[in-house]
Amino acid sequence: QGYEGLVEGGDNIKQANWLSVSNIIQLGGTVIGSARCKAFTTRAGRLRAARNLVEHGITNLCVIGGDGSLTGADIFRSEWAGLLEELVRDGGITAEEAQRSSHLNIVGLVGSIDNDFCGTDMTIGTDSALHRIMEIVDAITTTAQSHQRTFVLEVMGRHCGYLALVSGLASGADWLFIPESPPEDGWEDIMCERL
């Protein structure tokens with residue numbers, strides 16, 4: 001469950017093996033879970049996460065996420081030595097455990113369906129999100145045609161119109177709204193006339 005699992009520890013931290021990852025490649029979303037973790041935004045939460053990592057002998061993290069996840073990873077990395085010192089001082093771990101875990105390696109992978117991260121061609125999740133959108137468009141297009149109705153489809157993307165733009169192009173949408181290009185005044189009349 002992302003940082004939530006790191007902070008809570010216990011059964012949330014377990015070793016992955018071939019059986020853990022077999023037959024998951026076709027699944028959408030994330031099978032390892034994902035959660036916003038308010039506790040990890042605090043030093044106390046990161047201290048708990050550090051203790052759980054040390055207890056499990058983990059010194060390598062692969063963080064998959066967007067701005068919040070990668071910012072959290074950078075903060076965790078920068079505080080690591082101080083967190084270990086505090087844990088030793090408070091008796092949470094031994095000096096030997098701190099020495100074995102003295103360096104934390106972190107790899108960050110951009111995972112966001114929005115495809116809005118600078119320096120990447122396509123973020124993890126964007127392609128599968130586009131496939132899901134196109135499956136939905138294919139499913140509702142025949143219904144729209146047979147009933148001679150207009151359908152409105154809203155896709156995710158928050159401040160980034162990439163999913164809307166690309167799926168609109170792929171599906172031949174008649175009208176499209178994206179945050180990067182807000183509609184001009186009088187758009188309603190223009191849209192009605194075109195449709």
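## Loops, ring pairs and helix packing

N23 sits in the loop between α2 (18-21) and α3 (43-55), where helices (H or I, at least four residues) and strands (E, at least two) are DSSP runs numbered from the N terminus. The model is predicted, so that local features need pLDDT of at least 70 and side-chain atom pairs count only at pLDDT 80 or more, while totals for chains, interfaces and linings use all residues. Residues are numbered from 1 along each chain as its sequence is written, and side-chain values use heavy atoms, with hydrogens and water left out.

**Two asparagines with positive phi**

Most residues other than glycine have a negative phi. N23, however, has a phi near 65°, which is positive in a residue other than glycine, and N115 has a positive phi as well, near 55°. N115 is located in the loop between β2 (105-110) and α6 (126-147). With a relative accessible area of 64%, N23 is exposed, whereas N115, with a relative accessible area of 12%, is buried; buried means under 20% relative accessible area, exposed over 50%, and partly exposed in between (1.4 Å probe, protein chains only).

**Aromatic pairs**

Five aromatic pairs are present in the structure, a pair being two rings of Phe, Tyr or Trp (its six-membered ring) whose centres lie within 6.5 Å, with planes under 30 degrees apart counted as stacked, over 60 as edge-to-face and the rest as tilted. One of them joins F40 and F76, whose ring centres are 5.2 Å apart and whose planes stand at 65°, so this pair is edge-to-face. Because F40 lies in the loop between α2 and α3 and F76 in helix α4 (residues 67-89), the pair ties together parts that are 36 residues apart in sequence.

Another edge-to-face pair is formed by F177 and W187, at 4.8 Å centre to centre and with 85° between the planes. This pair links distant parts of the chain, with F177 in the loop between α7 (162-171) and α8 (187-194) and W187 in helix α8, 10 residues apart.

| Residue | Relative accessible area | State |
|---|---|---|
| F40 | 3% | buried |
| F76 | 0% | buried |
| F177 | 40% | partly exposed |
| W187 | 25% | partly exposed |

F40 and F76 also belong to a cluster in which ring pairs link them with Y3 and W80.

**Packing of α3 and α4**

The axes of α3 and α4 come within 9 Å and cross at roughly 75°, the axes being lines fitted to C-alpha atoms over the stretch in contact and the angles running from 0 to 180 degrees between N-to-C directions. The two helices, α3 and α4, are therefore roughly perpendicular to each other; angles under 35 degrees count as roughly parallel, over 145 as roughly antiparallel, 65 to 115 as roughly perpendicular and the rest as oblique. On the α3 side the contact (heavy atoms within 4.5 Å) is made by R43, R46, L47, A49, A50, R51, L53 and V54, which meet I75, F76, E79, W80, G82, L83, L84, E86 and L87 of α4. By class, this contact of α3 with α4 has 11 nonpolar, one polar and five charged residues, where Ala, Val, Leu, Ile, Met, Phe, Trp, Tyr, Cys and Pro count as nonpolar, Asp, Glu, Lys and Arg as charged, and the others, Gly among them, as polar.

Some residues of these helices can be followed individually. E86, in helix α4, is buried at a relative accessible area of 18%, and, leaving aside neighbours within four places in sequence, E86 is in contact with R43 and L47. R51, in helix α3, is partly exposed, with a relative accessible area of 37%; not counting residues up to four places away in sequence, R51 touches L87, G92 and I93. The C-alpha atoms of R51 and V7 are separated by 8.7 Å, although these residues are 44 residues apart along the chain. N52, also found in helix α3, is buried at 11% relative accessibility, and its contacts, leaving aside neighbours within four places in sequence, are with L6, V7, E8, G9 and I13.

**Packing of α6 and α7**

Helices α6 and α7 pack at an angle of about 45°, with their axes 10 Å apart, which makes α6 oblique to α7. The contact is formed by T126, A129, L130, I133, M134 and V137 of α6 together with Y162, L163, V166, S167, A170 and S171 of α7. The residues of this contact of α6 with α7 divide into nine nonpolar, three polar and no charged.
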